[in-house]
Amino acid sequence: MANLEKIKENVSLENIIASAIQIQGVKVDRDSFLRKQFKDESDELMNTIVEKVRLRQTIHETH
């Protein structure tokens, strides 16, 4: 149950980061940034976050 709460919390942060990188002039290596921010988390959680951000970016690019 604690992991689910952690994922929900991180998904909210993911939304903030994903929105911030949409701003023109802001260049961020998303994968590197996210891996540094979540370095203390499990590999599974970190990979989930990175994949969700990639998916979100793909969706934004196609619309």
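1. Glu51 is found in helix 3, where helices (H or I, at least four residues) and strands (E, at least two) are DSSP runs numbered from the N terminus. Glu51 is partly exposed, with a relative accessible area of 44%; in these terms buried means under 20% relative accessible area, exposed over 50%, and partly exposed in between, with a 1.4 Å probe and protein chains only. The C-alpha atoms of Glu51 and Asp31 are separated by 9.0 Å, although the two residues are 20 residues apart along the chain.

2. This is a predicted model, in which local features need pLDDT of at least 70 and side-chain atom pairs count only at pLDDT 80 or more, while totals for chains, interfaces and linings use all residues. Residues are numbered from 1 along each chain as its sequence is written, and side-chain values use heavy atoms, with hydrogens and water left out.

3. The side chains of Arg54 and Glu51 meet in a salt bridge, at 2.6 Å from N to O; the criterion for a salt bridge is a side-chain nitrogen of Lys or Arg within 4 Å of a carboxyl oxygen of Asp or Glu. Being 3 residues apart in helix 3, Arg54 and Glu51 are separated by about one helical turn.

4. Which side chain meets that of Asp31 in a salt bridge? The partner is Arg54, with an N to O distance of 2.4 Å. Because Asp31 lies in helix 2 (residues 30-37) and Arg54 in helix 3 (residues 43-62), the pair ties together parts that are 23 residues apart in sequence. Asp31 is partly exposed, with a relative accessible area of 23%, and Arg54 is likewise partly exposed, with a value of 34%. The structure holds 2 salt bridges, and Asp31, Glu51 and Arg54 are linked in a network of salt bridges.

5. How are helix 2 and helix 3 placed relative to each other, parallel or antiparallel? Their axes come within 10 Å and cross at roughly 150°, where axes are lines fitted to C-alpha atoms, for helices over the stretch in contact, and angles run from 0 to 180 degrees between N-to-C directions. Helix 2 and helix 3 are therefore roughly antiparallel to each other, a label that applies to angles over 145 degrees. The contact (heavy atoms within 4.5 Å) is made by Arg30, Asp31, Leu34 and Arg35 of helix 2, together with Met46, Asn47, Ile49, Val50, Val53, Arg54 and Gln57 of helix 3.

6. Gln57, also found in helix 3, is buried, with a relative accessible area of 11%. Not counting residues up to four places away in sequence, Gln57 touches Ile21, Gln22 and Arg30.

7. For the chain as a whole, there are 3 helices and 0 strands in the protein, and from the N terminus on the elements run α-α-α. Of the 63 residues of the protein, 21% count as buried. Among contacts between residues at least 6 apart in sequence, 50% join residues at least 24 apart. The accessible surface of the protein comes to about 4800 Å², of which 52% belongs to carbon and sulfur atoms; such areas come from the Shrake-Rupley method with a 1.4 Å probe, and for residues only the protein chains shown count as cover.

How values were computed: Parallel < 35°, antiparallel > 145°, perpendicular 65-115°, else oblique.
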